[in-house]
Protein chains: 2
Amino acid sequence: MSGIRALQKEKTRRQLIDAALGQLSSERSFSSLSLREVAKEAGLAPTSFYRHFSDMDELGLTLVDEAGLTLRQLMRQARQRIEKGGSVIQISVHTFMEFIENNGNIFRLLLRERSGTSPAFRAAVNREIRYFTLELCDYLQQANKLDAEVAYLQANAAVTIVFSAGSDALDCDRKDLEELALRTIKQLRFIARGAFEFGLRGDVRKRSRGETK
Amino acid sequence: MSGIRALQKEKTRRQLIDAALGQLSSERSFSSLSLREVAKEAGLAPTSFYRHFSDMDELGLTLVDEAGLTLRQLMRQARQRIEKGGSVIQISVHTFMEFIENNGNIFRLLLRERSGTSPAFRAAVNREIRYFTLELCDYLQQANKLDAEVAYLQANAAVTIVFSAGSDALDCDRKDLEELALRTIKQLRFIARGAFEFGLRGDVRKRSRGETK
DNA sequence: AATTTCGGTGTACACATGTACGCTATTTTA
DNA sequence: TAAAATAGCGTACATGTGTACACCGAAATT
């Protein structure tokens with residue numbers, strides 16, 4: 001089992017994946033791609049598609065997985081930058097904006113399929129976003145010593161705001177991008193501040209109810 | 001021009017609109033509908049479609065307009081309830097959740113076309129959401145006497161959070177809905193609180209810079 | 001009353017789609 | 001080395017699509 005065959009197979013599988021990614025654009029969603037188009041772009045006969053995926057859906061789910069992977073790489077980048085010092089919020093937002101400039105179509109894929117017509121796709125995207133949120137939640141809990149529930153609510157809200165800003169960024173002139181980032185940062189500060197205040201109050205309430213026993 | 005003819009025309013136009021709305025579901029987006037399907041559902045020959053819309057796109061934009069209208073009715077409902085007393089945030093969230101339970105497919109339409117493949121659709125949806133946001137912004141500015149920028153940022157963030165919660169609600173069991181609403185309310189309180197704090201600080205800064213001249 | 005307008009129909013066509021089927025050439029296995 | 005497996009190809013077909021065109025009958029206009 002040297003694999004000269006399996007190797008070639010893996011290669012054309014990638015060609016299919018890349019072909020699909022390459023066809024995505026602001027005016028072309030994954031669900032508007034046809035099996036034939038993708039196969040042609042990959043330099044394959046339509047029927048050869050089936051040697052690699054049973055379905056366009058199966059290809060699509062693969063793409064979502066790749067997108068999730070890219071997202072997680074992104075987070076690692078952000079953490080590296082943070083370790084070198086700087087505002088967490090500011091760095092996170094800028095990292096995300098760079099991601100969108102470089103991977104607009106991948107982000108579009110996530111945005112679109114999250115509200116798309118396939119339950120499987122929706123679940124896959126939501127899973128990726130949940131990972132993303134939970135990692136942020138952990139960070140907040142540790143770094144800011146927040147109540148678990150408050151930390152989760154803050155993480156969830158922050159991710160929502162950032163994704164929405166990313167969505168806006170996709171239809172933005174580059175010159176407006178900086179301003180959008182600034183607004184987003186301020187909104188995240190609102191949330192952080194509010195979470196902090198309520199986190200304290202939450203503690204107080206619990207203690208006054210004797211829940212620390 | 002009595003209009004017995006124009007009347008009938010308006011009627012079948014409505015049939016087309018309703019037919020399209022009727023076909024929408026969690027597994028069927030507007031862009032996946034075909035002209036023929038819609039015409040058939042409306043009891044029309046395919047070619048008759050053109051007597052009313054030049055395009056499926058034109059129908060779609062009409063649907064988005066209707067959705068926006070429904071959204072604004074919703075806001076009036078919310079205001080009525082608020083005048084009778086109660087927490088603004090709580091009532092707004094519950095009103096929105098009711099909207100989604102009753103008009104899931106209309107909300108899906110907005111969600112999907114906002115990130116869809118047609119620039120015209122995206123613009124139309126964003127316009128509706130902007131109206132929605134600006135009215136909330138006005139309210140916040142008046143009721144809470146906030147700085148204009150802070151009020152806008154808060155309104156924008158709040159709408160984002162609520163829409164996102166609405167999106168989650170679409171894939172929710174009814175039993176989890178209440179909990180989702182509670183979480184959303186808390187998140188909105190974070191934002192309101194944060195905006196309030198920063199609103200104060202913002203004032204202070206501006207004054208110390210002599211910007212009140 | 002004669003003419004025009006127009007909402008609706010049915011036919012027809014070119015085109016794109018998914019996929020079943022059989023074939024070939026090459027790698028893998030026995 | 002013989003046999004089996006398999007990636008890829010080409011053909012073929014049924015189905016759904018948008019829409020051009022000619023036509024009809026009733027309402028509107030003159």
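A salt bridge is a side-chain nitrogen of Lys or Arg within 4 Å of a carboxyl oxygen of Asp or Glu. By that rule, D171(A) and R122(B) form a salt bridge, with their closest N and O atoms 2.9 Å apart. The structure is a predicted model, in which local features need pLDDT of at least 70 and side-chain atom pairs count only at pLDDT 80 or more, while totals for chains, interfaces and linings use all residues. Residues are numbered from 1 along each chain as its sequence is written, chains are lettered from A in the order in which they are written, and side-chain values use heavy atoms, with hydrogens and water left out.

**Interface between chain A and chain B**

- About 3100 Å² is buried between chain B and chain A, and carbon and sulfur atoms give 59% of this area; buried area is the accessible area (1.4 Å probe) that two parts lose on being put together, summed over both.
- In chain B, the residues that lose the most area to chain A are T117(B), L153(B) and F190(B), together 21% of what that side buries.
- Each chain is represented in the contact, with 33 residues from chain B and 33 residues from chain A, where contact means heavy atoms within 4.5 Å.
- Across the interface, 16 residue pairs are in polar contact, both residues being at pLDDT 80 or more. A polar contact is a pair of N or O atoms within 3.5 Å; within protein, one must be able to donate a hydrogen and the other to accept it, and residues adjacent in sequence count only if both atoms are side-chain atoms.
- On the side of chain B that touches chain A, the elements giving two or more residues are α5 (104-114), α6 (119-144), α7 (148-170) and α8 (174-208) of chain B. Helices are DSSP runs (H or I, at least four residues), numbered from the N terminus.
- Helix α8(B) supplies the largest share of that side, eleven residues.

**Salt bridges**

- The whole structure holds 30 salt bridges over all chains, and the count between chain B and chain A is six.
- R122(A) and D171(B) meet through their side chains in a salt bridge (2.9 Å, N to O). This pair crosses between chains, from helix α6 of chain A to the loop between α7 and α8 of chain B.
- R122(A) is buried at a relative accessible area of 9%, whereas D171(B) is partly exposed at 46%. Buried means under 20% relative accessible area, exposed over 50%, and partly exposed in between (1.4 Å probe, protein chains only).
- Within chain A, the side chains of R72(A) and E128(A) form a salt bridge (2.5 Å, N to O). R72(A) lies in helix α3 (residues 56-83) and E128(A) in helix α6 (residues 119-144), so the pair ties together parts that are 56 residues apart in sequence.
- R72(A) is partly exposed at 27% relative accessibility, and E128(A) is buried at 4%.
- A network of salt bridges links D65(A), R72(A), R127(A) and E128(A).
- In chain B, R72(B) and E128(B) form a salt bridge, with the closest N and O atoms 2.5 Å apart. R72(B) is in helix α3 (residues 56-83) and E128(B) in helix α6 of chain B, 56 residues apart.
- R72(B) is partly exposed at 28% relative accessibility, and E128(B) is buried at 5%.

**Nonpolar core and buried residues**

- In soluble globular proteins, nonpolar side chains tend to be buried together.
- The largest nonpolar core has 102 residues, and those with the most contacts inside it are F30(A), L59(A), F96(A), F30(B), L59(B) and F96(B). A nonpolar core is a set of buried Ala, Val, Leu, Ile, Met, Phe, Trp, Tyr and Cys residues joined through side-chain atoms within 4.5 Å.
- F30(A) is located in the loop between α1 (4-23) and α2 (35-41) of chain A and is buried at 4% relative accessibility.
- Leaving aside neighbours within four places in sequence, the contacts of F30(A) include L24(A), M56(A), L59(A), L109(A) and F121(A).
- T95(A) lies in helix α4 (residues 88-102) of chain A and counts as buried at 2% relative accessibility. Not counting residues up to four places away in sequence, T95(A) touches L74(A), Q77(A), A78(A) and R81(A).
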